[in-house]
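User: I have a structure to go through with you. Could we take it one topic at a time?
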Amino acid sequence: MKGTEAFKEIIPLLKGEPVVHANGYICRESFQQQDREANFYMIGSMGLASSIGLGVALCQPDKKVIVFDGDGNVLMSMGTLAMIAATAPKNMVHIVFDNQVYESTGSQKSLSGTIPLEEVAKSSGYPMAFRVTKKEEIKPAFKKLMDGKGPGFLLIKVEPDFDPKTGRVTHTPEEIKTRFMNSMGAG
Amino acid sequence: MLSSQSFIDRLTDNGFNFFTGVPCSLLSGLIACLEESGEAPYIPAVREDAAVGLCAGAYMAGSLPVLLMQNSGLGYCLNAFTSLNLIYKIPTLVIMSWRGCGGKDAPEHIIMGEINEDLLKTAGMDFAVLTPENHQDVLQQAMLKIKEGLPFTLLVKKGIFDERH
C-alpha cells in the first residue's frame, strides 16, 4: 500500500477529533487531502508530535486524541513511548505511517525496516499495539483502537510514494495553533 | 531562601496547572511539593525537549504549563523553542536551574553555566534571574509574556529553594 492510499483510508474515518501531525510528508499529505481545523500541523520540532499529542490527550480526557506520526519521528523520541505508556491516557490513539525512510529529505533509510516499532510500543506498555500492511486492514484496526481503552498504537506499513510537488501547509503557525485550540474549545 | 511550597502556591494562584520536567537537585524541593500535593499533575519527562512538546500540547488543550529543568537540557530544547514555541506563539513557564553559575560547580556544568544566558538571548527567549527579593515582580513579568503567547524562563541559582535530596 502506498502512503497516500493509507491517508485516503483513514481521513474519511475522522470526525471532529484533534489530530496532531508529525512534520514533513505527514503534514503535507494530510493537508493536501483534507485540511481540518482540528489538525495540528507540526512543521518543525521533529520528534515531538507524540509528546504534543500526549499533552493534548492528558488535558482533554473526554476527547479522543489522535497522533499521525512517522517512523523517523518515533525513532527520534522513543522515550516518549514510555511517557505515553506510563501516563496511560485512555483517549490517545497513536498512528504511525511507517515508510522506512526519511521521505521528504530524499528517502534516506530509517531504522524501522529492522526495528518493529509496534513491538517497541507494546514492550513500553501500550495496552494495544498493532501492525497492518494491507489497505483493507486499516478501517477495522482504527475502529478497534477508537473503541478500546488506550493508549493504542497502530503501525501502518506503507511504500514511499510522496509527490514532492505536494504543497506545504499554507496556514501560518499562529493560524494553525488558533484553529486547533478553537476546535477543542480551548481558544 | 524561598519556600518551595509557597512558590508553587503562587504559581497555582496564577493559573498554572500542568507541571512536567526533568529533575535537578536545585529544584528538588519544588518537585517534591508537586509530587506530594496531587493538586496539579507533575509528569516526569524523559528528556527536556519531550517536556517542551508535552507543555505545548497541554497549553493548546487549555492548560497553563510549567517546565522544570536543569540548564544542561537547554541544548536539547533549542530546536523545540525556536521551531515550535516561538513561531506558533505557544507560551510555557520554564523554571531552569543555573548549574555552573559563577564557574563553581562540577566540570560538566561550567561551560553551560557560562553561556546559558547568551543562548537564551540569542534564541530570543525572554528570561529573568529569580531571587527571593524579586520573585513577585519576575512572576508578573512572566505572566505578561505568557499572555503575549511567549515562553518565559526563570533562572534559579543554588540556594534559592530548599533542596530535598
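User: How many residues does the largest nonpolar core have, and which have the most contacts inside it?
Analyst: The largest nonpolar core has 111 residues. Those with the most contacts inside it are Met42(A), Ile156(A), Leu30(B), Ile95(B) and Val156(B). A nonpolar core here is a set of buried Ala, Val, Leu, Ile, Met, Phe, Trp, Tyr and Cys residues joined through C-beta atoms within 7 Å. A residue is buried if 20 or more other C-beta atoms lie within 10 Å of its own, exposed if 12 or fewer, and partly exposed in between, with C-beta atoms placed from the backbone.
User: Which helix gives the most to this core?
Analyst: Helix 3 of chain B, residues 48-60, gives the most to this core, with 9 residues. Helices (H or I, at least four residues) and strands (E, at least two) are DSSP runs, numbered from the N terminus.
User: Before going on, what kind of model is this?
Analyst: This is a predicted model, in which local features need pLDDT of at least 70 and side-chain atom pairs count only at pLDDT 80 or more, while totals for chains, interfaces and linings use all residues. Residues are numbered from 1 along each chain as its sequence is written, and chains are lettered from A and ligands numbered from 1 in the order in which they are written.
User: What is Leu30(B) in contact with, leaving aside its neighbours within four places in sequence?
Analyst: Leu30(B) is then in contact with Ser4(B), Phe7(B), Ile8(B), Leu68(B), Ile95(B) and Phe161(B). Two residues are in contact if their C-beta atoms, placed from the backbone, lie within 7 Å.
User: Now the two chains. How many residues are in contact?
Analyst: On chain B, 25 residues are in contact with 26 residues of chain A. Helix 3 of chain B gives the most to the side of chain B that touches chain A, with 9 residues. That side of chain B divides into 16 nonpolar, 6 polar and 3 charged residues. Ala, Val, Leu, Ile, Met, Phe, Trp, Tyr, Cys and Pro count as nonpolar, Asp, Glu, Lys and Arg as charged, and the others, Gly among them, as polar.
User: Is Ser77(A) buried or exposed?
Analyst: Ser77(A) counts as buried because 21 other C-beta atoms lie within 10 Å. Ser77(A) lies in the loop between helix 4 (71-76) and helix 5 of chain A. Not counting residues up to four places away in sequence, Ser77(A) touches Gly47(A), Leu48(A), Ser50(A), Ser51(A) and Ala50(B).
User: At what angle do helix 5 and helix 6 of chain A pack?
Analyst: Helix 5 (residues 78-87) and helix 6 (residues 117-124) of chain A pack at an angle of about 40°, with their axes 9 Å apart. Met78(A), Leu81(A), Ala82(A) and Ala85(A) in helix 5 meet Val120(A), Ala121(A) and Ser124(A) in helix 6 of chain A. The residues of this contact divide into 6 nonpolar, 1 polar and no charged. The axes are lines fitted to C-alpha atoms, for helices over the stretch in contact, and angles run from 0 to 180 degrees between N-to-C directions.
User: What about the backbone: what is the phi of Ala88(A)?
Analyst: Ala88(A) has a positive phi of about 50° although it is not a glycine. Ala88(A) is found in the loop between helix 5 and strand 4 (92-98) of chain A. Gln100(A) has a positive phi of about 65°, and it is not a glycine either.
User: Which peptide bond is cis?
Analyst: The bond from Gly150(A) to Pro151(A) is cis, with omega near 5°. Pro151(A) is found in the loop between helix 7 (135-147) and strand 8 (152-157) of chain A.
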